Each structure stands twice: as C-alpha cells, then as structure tokens.
Amino acid sequence: ALWSLQVAFKKSDVPDLPAGFGFLIPAAENIPFLGVIFRSLVFPDFAPADQVLFTIFTGGAHQASLLQNADPVVLAGHIIQSLQKLLKIKEEPVFQQLKQWPRAIPQLNVEHHAIMKNIRSFEQQHPGFYFTGNYINGVSIGDVIKGSKDLVNKYFSADKTVSSL
C-alpha cells in the first residue's frame with residue numbers, strides 16, 4: 001500500500017521553499033516518506049494563494065515495514081515533523097489529510113517478466129486486443145504516454161505518427 005498525505009502550511013511559515021516540483025528521499029536517509037510534490041506550485045489553484053500545499057508519499061514496497069500496524073494519526077504526525085525539519089518549518093499545518101492507496105504504483109516484481117510474456121501471448125492470440133499502461137510501459141507518466149503513442153503508431157497509424165495526444 002502507498003499512503004499520500006496532503007499537508008498545507010501558510011506560505012509565510014515556509015521560509016526556504018525550494019524551486020521545482022518537489023523531491024525524492026533516498027532510502028539511506030531513513031526519513032519516513034518517499035518523496036514530496038510541491039502541489040500548489042505545480043497546480044496553483046489547488047490551495048489558497050496564501051498557502052503551500054504538499055503531497056507526501058510513504059509506504060510501497062520500500063517502506064512496507066513502516067506501515068505495518070501503523071496508527072494513521074501517529075504516522076501523519078511523524079511525516080509532518082520530518083517535513084518540517086527538512087524545510088525548516090516551525091509552525092503547524094493549517095490542513096492535513098492522509099489517504100491509503102492499496103494498489104497505487106505497480107511494483108515490478110520478480111514475476112514481471114513471466115507476466116509480460118503471458119500478456120504478449122494473449123495479444124497475439126487475440127488480434128485487436130492490446131495492453132498498455134504503467135505496468136506494461138513503466139511507472140512514470142512519461143513512460144505511459146510514450147507507450148500509448150508507440151501502441152497507436154504501431155497498430156493504428158501506418159502512414160503517419162502520433163505527435164501529441
């Protein structure tokens with residue numbers, strides 16, 4: 001399972017907000033989350049103008065032990081404290097919401113190669129039936145878009161290519 005925590009702070013309480021979309025945390029840092037998206041910087045309408053909204057991800061295959069028998073309130077508090085320390089935020093958030101995603105980002109496990117072989121075999125046995133998506137082409141949005149374009153170009157556009165979807 002993957003958990004996402006939405007946390008908002010007053011803009012004035014976030015003194016050193018880095019430029020960019022967010023950041024990832026290396027496992028060696030021993031911080032209780034995987035990464036942060038600066039959601040209100042990416043999507044300004046997602047928060048009031050005087051607030052900064054963060055989306056923080058924790059769990060997944062790499063942090064499964066962190067979530068075992070975790071109390072959601074305690075987990076959220078621990079994540080918020082770590083974010084506050086990293087970004088030098090001294091005040092408490094004005095909003096927070098924790099949500100569990102039991103089947104979020106696909107984990108390409110040991111059996112993935114065999115599953116892909118079965119998928120391709122199914123496609124060959126059933127002409128006109130095609131699979132695409134983050135389990136097939138890669139977990140990033142860019143991988144999914146590229147995989148979808150490649151699928152369209154291969155099967156549906158013999159004389160022209162898809163430049164944008």
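Helices and strands are DSSP runs, counted from the N terminus. With that in mind, select glutamine 51 in this predicted model: glutamine 51 lies in strand β4.

Is glutamine 51 buried or exposed? Glutamine 51 is buried, because its relative accessible area of 18% falls under the 20% cut-off. Now display the surroundings of glutamine 51. Leaving out residues up to four places away in sequence, glutamine 51 touches Ala8, Phe9, Lys10, Lys11, Ser40 and Val94.

Next, select the largest nonpolar core, which has 20 residues. Leu5, Phe9, Phe33, Val36, Phe54, Ile56 and Leu83 touch the most other members of this core. Colour β1 (2-10), β4 (51-59) and α3 (72-87), the elements that each give two or more residues to the core. Of the elements, α3 gives the most, namely six residues. In soluble globular proteins, nonpolar side chains tend to be buried together.

Which residues is phenylalanine 33 in contact with, leaving aside neighbours within four places in sequence? The contacts are Phe23, Ile25, Ile56, Phe57, Thr58, Gln63, Ile79, Ser82, Leu83 and Leu86.

Finally, show the whole chain. The chain contains six helices and five strands, and from the N terminus on its elements follow the order β-β-β-α-β-α-α-β-α-α-α. Among the 165 residues of the chain, 32% count as buried. Considering contacts with a separation of 6 or more, 59% are made by residues 24 or more positions apart. Switch to a surface view to end the tour: the chain exposes about 11,100 Å², and carbon and sulfur atoms supply 57% of that area.

Note on methods:
Residues numbered from 1 in each chain as written. Predicted model: local features only at pLDDT ≥ 70, side-chain atom pairs only at ≥ 80, totals over all residues. Heavy atoms only, no water. Core = buried A, V, L, I, M, F, W, Y, C linked by side-chain atoms within 4.5 Å. Buried < 20%, exposed > 50% of the residue type's maximum accessible area, 1.4 Å probe, protein only. Helix = DSSP H or I, 4+ residues; strand = E, 2+ residues; numbered from the N terminus. Contact = heavy atoms within 4.5 Å. Areas by Shrake-Rupley, 256 points an atom, 1.4 Å probe, with all protein chains shown as cover.
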